[in-house]
Amino acid sequence: MSGPVEIRSFVRVRGRRRRTWSDRYVTLLSLGLLVVLVAPLIGRAVSALPGDVDPARAGAGLALIALLLAGSLALARVVGPVGVSAADAAWLVLSPLPRRGVLARTLLVLVVACAVGGAALGLALLSALGGPDALALRLLASVVLGMSWTLGGMATAVLAQASQPWDGRLTAVLASLVVVAVAVAVMGTGPGQGVLSGIASAPLAAWTAVASVSAAVAAGLAGRAWAAVARIPARAILDASTRAGLVADAFVVMDPGSLTWIAEDAHWRSRVLRSRAWPARLRGAAAVARLADRLLARRPGLLALAAATTVLPALAARAGGGTAGALIVLAAGALTVAATGAAGARRDAGDAALARLFGAGPRALLASRAVLPALLGGSWSTLALAGLDIVAPGGPFWLLGGLCAPALAAGALRMARRRPVEHAMPVMDTPFGSVPLGPVLWALAGADLAVLGCLPALMAFAGGVTGPLLAAQAVWGAAVLAAYCAVPRRA
């Protein structure tokens with residue numbers, strides 16, 4: 001096999017099966033069922049679009065859309081985005097076959113994902129800005145805008161994977177999106193409300209012109225990405241394929257927790273750390289707490305990202321999510337940020353012999369591991385609640401942030417030390433269908449303890465902040481953390 005033609009014929013004969021009419025029937029039936037299930041949801045979302053223009057809602061909504069685009073582009077930059085299966089990576093990518101033919105299926109999947117994500121983004125854009133007139137045409141222009149942004153962003157990510165200069169441009173785009181998000185969020189609460197009102201109430205011709213220009217730019221970027229695919233380095237495709245395979249394996253076995261191990265190991269494996277003498281006065285639990293602080297201090301980007309996300313609850317409240325949406329974002333963000341400082345507890349649970357080398361007892365070791373999650377979760381909650389107090393005044397809720405820190409630390413430690421998903425557990429029948437208990441209990445582990453420790457704070461959110469509730473939250477949160485650390489689970 002010396003030429004691409006022979007290799008292609010070999011793959012066609014050996015590796016592919018001719019599609020039958022039953023295969024086509026199943027595909028069409030699946031697409032039809034998907035349309036039947038999704039169409040009512042889209043109809044309800046379109047009917048709920050606001051007709052008036054609210055500058056505060058528009059600023060918060062545009063800020064969330066910009067942050068969502070930035071997060072999606074960052075994820076695409078980390079993942080690849082162009083990759084293939086393990087078999088194709090081992091055989092077809094390194095063969096003399098044309099690179100475009102090998103990657104055609106992956107590129108088609110990326111285009112479909114951009115189309116679906118862009119349609120949802122366009123619907124969110126019109127929901128933020130409102131549709132004072134010609135709702136159907138504005139919806140069409142918004143969908144075209146959303147698809148153009150997602151397609152252009154994905155094409156830029158492909159170009160960044162193919163060449164280093166485009167990677168720098170993609171980083172500049174990410175920084176620009178974050179700046180735009182901050183700017184429109186400030187405009188929604190300050191003197192820039194008139195500008196947002198003018199954008200939302202712009203005539204349909206302006207929306208059409210912006211959508212046309214965006215579509216033309218996205219088409220140009222897509223053309224350049226298609227040309228760059230032919231010369232994309234094989235090493236970049238192999239690395240992306242490895243990451244995609246690890247993610248697929250994690251979801252097939254339904255153990256998303258393994259992704260955090262993979263990401264953390266990949267981060268530290270590529271770093272060269274300086275060796276310094278350890279202070280002699282730090283021993284036992286104090287040394288463990290100091291070690292966790294040093295590890296987190298070596299990742300300033302993670303700390304900056306956590307600090308930047310403190311505005312998300314306030315933006316969710318301004319964008320129309322209401323109190324319930326803001327509290328959900330607040331709880332998820334606080335627990336996630338607290339869990340970023342619990343990597344040491346996860347390693348202690350996975351390797352008990354290594355944990356014994358610290359010279360601390362199991363209770364003292366677990367208590368020392370709770371210091372960093374408490375500081376991170378409490379600080380993030382305080383800043384986020386301060387932003388919520390500015391957006392929706394109703395009491396000094398920011399006082400609850402530091403008081404909820406012990407409960408958040410207990411939840412983060414429970415999340416870090418939970419076992420993989422137990423798939424042998426039974427399936428529970430609910431009105432929404434059959435639900436496997438294994439993944440549900442795995443997802444709730446940690447969140448249940450955090451909610452239990454924050455019960456007085458939830459009562460304060462419902463009825464107002466009072467002195468007794470603040471005292472109850474301080475005592476109850478510390479008691480929950482102490483009780484969890486007093487009975488350490490055997491690794």
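Arg-77 is partly exposed, with a relative accessible area of 37%. Please keep in mind that this is a predicted model. Arg-77 has a partner, Asp-167, and their side chains meet in a salt bridge with an N to O distance of 2.9 Å.

**Salt bridges**

- How many salt bridges does the count come to? The count comes to 3 salt bridges.
- In the pair made by Asp-167 and Arg-77, Asp-167 sits in helix α7 (residues 164–187) and Arg-77 in helix α3 (residues 55–79), so the bridge ties together parts that are 90 residues apart in sequence.
- Is Asp-167 buried or exposed? Asp-167 counts as buried because its relative accessibility is 15%, and the cut-off for buried is under 20%.
- Another bridge joins the side chains of Asp-239 and Arg-235, at 3.7 Å from N to O.
- Both Asp-239 and Arg-235 belong to helix α10, where they are 4 residues apart, or about one turn of the helix.
- Here is a handy general idea: an α-helix has 3.6 residues a turn, so residues three or four places apart point the same way.
- Asp-239 is partly exposed at 31% relative accessible area, while Arg-235 counts as exposed at 57%.
- Arg-414 also forms a salt bridge, this time with Asp-448, and the closest N and O atoms are 3.3 Å apart.
- That pair links distant parts of the chain, with Arg-414 in helix α20 (residues 405–416) and Asp-448 in helix α22 (residues 447–453), 34 residues apart.
- Arg-414 is partly exposed, with a relative accessible area of 31%, and Asp-448 also counts as partly exposed, at 37%.
- As a general point, side chains of opposite charge can pair when their charged atoms come close.

**Patches on the surface**

- Which residues form the positive surface patch? Arg-100, Arg-169, Arg-224 and Arg-231 form this patch.
- Look for Arg-231 in the loop between α9 (204–229) and α10 (234–252).
- Arg-231 is exposed because its relative accessible area is 60%, and exposed means over 50%.
- There is also a nonpolar surface patch of about 580 Å², made by Leu-28, Leu-31, Leu-34, Leu-37, Val-38 and Ile-42.
- One of these residues, Leu-34, is found in helix α2 (residues 21–47).

**Cysteines**

- How many disulfides does the count come to? The count is 0 disulfides.
- In general, a disulfide is a covalent bond between the sulfur atoms of two cysteines.
- Cys-114 is buried, with a relative accessible area of 5%.
- Cys-485 counts as buried as well, at 8% relative accessibility.

**A mostly covered helix**

- Helix α15 (residues 343–350) is mostly covered, since 6 of its 8 residues are buried.
- Which residues of α15 are buried? They are Ala-343, Gly-344, Ala-345, Arg-346, Asp-348 and Ala-349.

**Apart in sequence: how far apart in space?**

- Ala-360 is placed in the loop between α16 (352–356) and α17 (362–369).
- Ala-360 counts as buried, at 17% relative accessibility.
- The C-alpha atoms of Ala-360 and Ala-285 are separated by 5.7 Å, although these residues are 75 residues apart along the chain.
- Ala-332 has its place in helix α14 (residues 312–339) and is partly exposed, with a relative accessible area of 45%.
- Between Ala-332 and Ala-447 there are 115 residues of separation in sequence, and 8.8 Å in space from C-alpha to C-alpha.
- Leu-444 lies in helix α21 (residues 437–444) and counts as partly exposed at 45% relative accessibility.
- Leu-444 and Met-415 are 29 residues apart along the chain, and their C-alpha atoms are separated by 8.7 Å.

Technical notes:
Residues numbered from 1 in each chain as written. Predicted model: local features only at pLDDT ≥ 70, side-chain atom pairs only at ≥ 80, totals over all residues. Heavy atoms only, no water. Patch = residues over 30% accessible without salt bridge, like charges linked within 9 Å, V, L, I, M, F, W, Y side chains within 5 Å. Areas by Shrake-Rupley, 256 points an atom, 1.4 Å probe, with all protein chains shown as cover. Salt bridge = Lys/Arg side-chain N within 4 Å of Asp/Glu carboxyl O. Lys, Arg positive; Asp, Glu negative; His and termini not counted. Charge placed at Lys NZ, Arg CZ, Asp CG, Glu CD. Helix = DSSP H or I, 4+ residues; strand = E, 2+ residues; numbered from the N terminus. Buried < 20%, exposed > 50% of the residue type's maximum accessible area, 1.4 Å probe, protein only. Disulfide = S-S within 2.5 Å.
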